[in-house]
2 protein chains.
Amino acid sequence: MQWISDSNVLIVGLGLMGGSYAKALKRLGFHVSALARRQETIDYAIEHGIIDEGSAGVDERLISGADALVFALYPGVFKDWIRDNQQLLKPGALLTDVTGVKRCIVYDIQAMLRPDVEFIAAHPMAGREVYGVENSDDRIFHGANYIVTPTDKNTPEAIEWCKSLGRILGFGSISVLSPEEHDKMIGFLSQLTHCIAVSLMTCSDNRHLVDYTGDSFRDLTRIARINDSMWSELFLLNRDELLAQMDLFAGEFQTLRDMLARGDAEGLREKMRLSTERRAWFNKK
Amino acid sequence: MQWISDSNVLIVGLGLMGGSYAKALKRLGFHVSALARRQETIDYAIEHGIIDEGSAGVDERLISGADALVFALYPGVFKDWIRDNQQLLKPGALLTDVTGVKRCIVYDIQAMLRPDVEFIAAHPMAGREVYGVENSDDRIFHGANYIVTPTDKNTPEAIEWCKSLGRILGFGSISVLSPEEHDKMIGFLSQLTHCIAVSLMTCSDNRHLVDYTGDSFRDLTRIARINDSMWSELFLLNRDELLAQMDLFAGEFQTLRDMLARGDAEGLREKMRLSTERRAWFNKK
């Protein structure tokens, strides 16, 4: 399937990400439908021109009419949906997703999926600290990273299709990683950083410090505002990698602590110089 | 002394902070002079209208002519300067500073200081990740926190004078803490966050992850670009408090890690809910 604008795209799960996909795709001229849990979500999205049509729960006509489906569901719900509804899919349909963990999703879904449809996984690394279709905004894609995570089961055509989806949505960088590489990367860059922010916020009751806070503390804890149901599920689904990254960080933090405890100024300075040097790689281009 | 604009202010140490003080005070109409280590710093500052006059090293005329002095030096250098040069100060002169640690500075300097001059300590919680008078910018004060840290030795007049200095420099919030409260607060809000950022950057060689970085990682490591000579000195001068804050954080991080290891979803969610609730206090007003 090419990205021709008379394709029917079905968004399954109409929260912040699903809504943002819908907005971008509708603006590009696609016919966009959606399934959500609640009718109010669908009503809101139609009223605000975010989707063309939609339905609460399962809708046979919308599912069987879709050339492409974007799954923006929690990981567990996503697998259940495929198991229960895949018989309704149009032959040749292409499926993709937005899930933040990959190993636990991609192989299971590809293993259970009908042979005449294809699932190619992707992780759009964009988001906001707010939720729901009301807060959806496709500008969050601009300049952000979009990662396609194919397996041996994927065809070159589907991989190319998925990359082009990232491009037309406006992502700044499109890349390809294996599910394993993806989960290791996300364990470090995203999940570990959220664990740090949460721990910094919960380690003591610091309400009396609000008046003294500078940007450092605000920056480090911005992501401490966190959707507990989604993130606890993502953490547990990537448990082995996240534990490895947490232990790596905790060991290094302990090393720094011990240098401080024994007054090792030169050791501290060396760590700071390394840190400064490495941080320069991560400046925005 | 009142903040009347024909007062002579001497800035001792003309880096980023000293230069930013100079810019703000000169704009307010004060006669601003400065002492720096290098003549080039003085030349640059005069050429760019940052100060009225200045000198490399010690200058008897400038020191004895100053009604107010702002010390923007590293802690150790600051104490040496007072010991070596206080005999030159004008009787009645008021001294303040910008040092990021307080217990180790304030008591020692007040103990050695002549009885006819007064040192009232302050910490302007503003900065940039760049250095030197060339990067000075008094807009960094706007909306930031300014903390006065008096002791029993300070007069109400000097405390009021120091608070009014913070006000005229443009700080958003002026408050008063004891040196002990200050060092505990700064250990948590600033020094601990820098230790975390450094450890995150040094715990593994992640150059290959640059292409996948989102805002979370960038936000948490912005302050990993760090002046190693200044910060190692500040860490070591606040060692006991910083160690206590590091241990508090490390213990909480370990708790979160153990919840993840044993698959305690409800425990993780509870931490995330607490974190979300507490983070709301720290939203910018």
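Mentor: Strands of a sheet pair through backbone hydrogen bonds, either parallel or antiparallel. Here β2(B) and strand β3 (residues 53-56) of chain B run parallel, joined by four bridges. Pairing requires that DSSP find at least two bridges between the strands; strands (E, at least two residues) and helices (H or I, at least four) are DSSP runs, numbered from the N terminus. The model is predicted: local features need pLDDT of at least 70 and side-chain atom pairs pLDDT 80 or more, while totals for chains, interfaces and linings use all residues. Residues are numbered from 1 along each chain as its sequence is written, with chains lettered from A and ligands numbered from 1 in the order written.

Trainee: In β3(B), which residue is the bridge partner of Ala36(B)?

Mentor: Ala36(B) has Ala56(B) as its bridge partner.

Trainee: What handedness does the unit of β2(B), helix α2 and β3(B) have?

Mentor: A crossover is right-handed if, with the strands pointing away from the viewer, the path from the first strand over the helix to the second runs clockwise. β2(B), helix α2 (residues 39-47) of chain B and β3(B) form a right-handed β-α-β unit. β1(B), helix α1 (residues 16-27) of chain B and β2(B) likewise make a right-handed one.

Trainee: Why is strand β2 of chain B largely enclosed?

Mentor: A residue is buried if 20 or more other C-beta atoms, placed from the backbone, lie within 10 Å of its own. Because five of the six residues of β2 (residues 31-36) of chain B are buried, the rest of the structure largely encloses this strand.

Technical notes. A residue is buried if 20 or more other C-beta atoms lie within 10 Å of its own, exposed if 12 or fewer, and partly exposed in between; C-beta atoms are placed from the backbone.
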